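Hello,

Here is the structure I promised to pass on to you. Please open it alongside this note, and I will walk you through what turned up.

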Amino acid sequence: MLASAAVSLPPDEDEALLDATATLNRGRAGQVRMVLRVLSGAEAGKVHALKQGTYVLGKAPTCDIVLSDKAISRQHLRLEVHDEHVLATDLGSHNGSFVEGLRFSAMELRPGSVITLGTTELKLVPEDTRERSVPLSSKDRFGALVGNSRKMREAFTLLERLAPGGADVLIHGETGTGKDLCAEAIHQQSPRAKGPFVIVDLAGVPPTLIESELFGHVKGSFTGAQGDRAGAFERAQNGTVFLDEIGELPLELQPRLLRVLERRQVKRVGGNDYFTVNMRVVAASHVNLEQAVQQGKFRRDLFHRLAVLRVTLPPLRERPDDIPLLINAMLTGMGRPPSALSDQTRALLLQYPWPGNVRELRNVVEQVVNLGEEALPDLEPPQDGTRKGPELDLPFKEAKEHLIEGFERDYLKNLIERCEGNISRAAREADIDRVYLRKLLRKHDLDPSGDP
């Protein structure tokens, strides 16, 4: 399964047997052997087994792993494979080495890490991992969701496939990642688009009213029930119900929801008759429902019924290269040009880890655009050292120049990859002169026509 965005499907017996055997073999060996899969570039599809030792990656024929990518240096990266980890060290390459959009000099890699060298992506995985190959979507948005990173394009591929169907969907993601936008986009790109889209925020409904909100009630069924009322499932006839924060559903009401999902039948509170409903359910949660099942807070049968199709939206800190694209999309939505935010502000926004994800970024962009850049709030730097800002011991002017240079390099790298090396298209998307763009690309050794 892909960790970033995956459709969860029941494994067949052969896969289950292979996984069990692999787990047993790992335990006997005492270590996990790793392989390096080439995901993109001229060598896409190749797999390199990594035994203990040192490997040099680059385009020189003498390298241990040769990558014929013009944007890769002759000796670009060194991998030191140990029993418990893999240490990656950049060898002073022209265009740098990146993991999840973050440039590094030396970094300890974990299984699942995707390394970007030039235009080539490589993934570190256990030797016995069997992954379903998910092609990347050619689009940089799905409904109101925006992103050009690998993780988002994987998610878009899955969403494009599942939206036209009728199966229920479970969306997982941290607060602020856009689960509500995802649910609405699934509805809008489904055959039910002309039907109602009914939202139930289970975290915002008082526990005593959740049952009535979902299933409806008849007059006199409880104090305050002054008339009959249709619940969310009835109101969504021929449309979609979005159950936000499904993990907040009280345990005693979960069997009733399971009946709705399995039989598409609803009985109002205080009523005697069942209504047949024709609707699709999209549920979302920021909590790990599998852990909630283990803790006895969520029914196992309900989880498996909801999670037949499952999509995970990655947090913004795992796709920082999407930030320039997101900012421009937000500005466009506000009717403002890209120049509404200065390069200095954009560079600062790229340095922040965004614990509140896209929602927090949108709030800051709106605040700065409406009140001026002096209203930019204090953005605390990350405490784990995952993203470095300018060197604070340098003179102000020099530190500022370093910050802007880092922003320029990251922005241009993402731009050229998104435009597949087409300078004219990149200049139009960036809204800058073609000659000036070429000058910036040469400055950062990113000119696709050059050979680093």
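The largest cavity is lined by Pro324, Leu325, Asn328, Tyr411, Asn414, Leu415 and Arg418. By a cavity I mean a set of points, on a 1 Å grid over the protein atoms alone, where a 1.4 Å probe fits but cannot get out; lining residues have an atom within 4 Å of a point. About 30 Å³ of space lies inside this one, where a volume is the space filled by probe spheres set on the points, and grid points are joined across faces, edges and corners. The structure holds one cavity of 30 Å³ or more.

Before you go further, please note that this is a predicted model: local features need pLDDT of at least 70, side-chain atom pairs count only at pLDDT 80 or more, and totals for chains, interfaces and linings use all residues. Residues are numbered from 1 along each chain as its sequence is written, and side-chain values use heavy atoms, with hydrogens and water left out.

Back to the lining. Helix 9 and helix 12 (396-418) each supply at least two of its residues, and helix 12 gives the largest share, four residues. Helices here are DSSP runs of H or I with at least four residues, strands are E runs of at least two, and both are numbered from the N terminus. By class, the lining has four nonpolar, two polar and one charged residues (Ala, Val, Leu, Ile, Met, Phe, Trp, Tyr, Cys and Pro count as nonpolar, Asp, Glu, Lys and Arg as charged, and the others, Gly among them, as polar).

One lining residue is worth a look of its own. Asparagine 328 lies in helix 9 (residues 323-333). Asparagine 328 counts as buried because its relative accessibility is 17%; buried means under 20% relative accessible area, exposed over 50%, and partly exposed in between, with a 1.4 Å probe and protein chains only. Setting aside neighbours within four places in sequence, asparagine 328 is in contact (heavy atoms within 4.5 Å) with Pro338, Arg346 and Tyr411.

As for the whole protein, 14 helices and 22 strands are present. Of its 452 residues, 46% count as buried. Among contacts between residues at least 6 apart in sequence, 60% join residues at least 24 apart.

Finally, the cysteines. The structure holds zero disulfides (pairs of cysteine sulfur atoms within 2.5 Å). Cysteine 63 counts as buried at 7% relative accessibility, and so does cysteine 419 at 1%.

Happy exploring!

Key:
1 Å grid on protein atoms, 1.4 Å probe; cavity = no way out; pocket = protein on both sides within 12 Å on 5 of 7 lines; lining within 4 Å.
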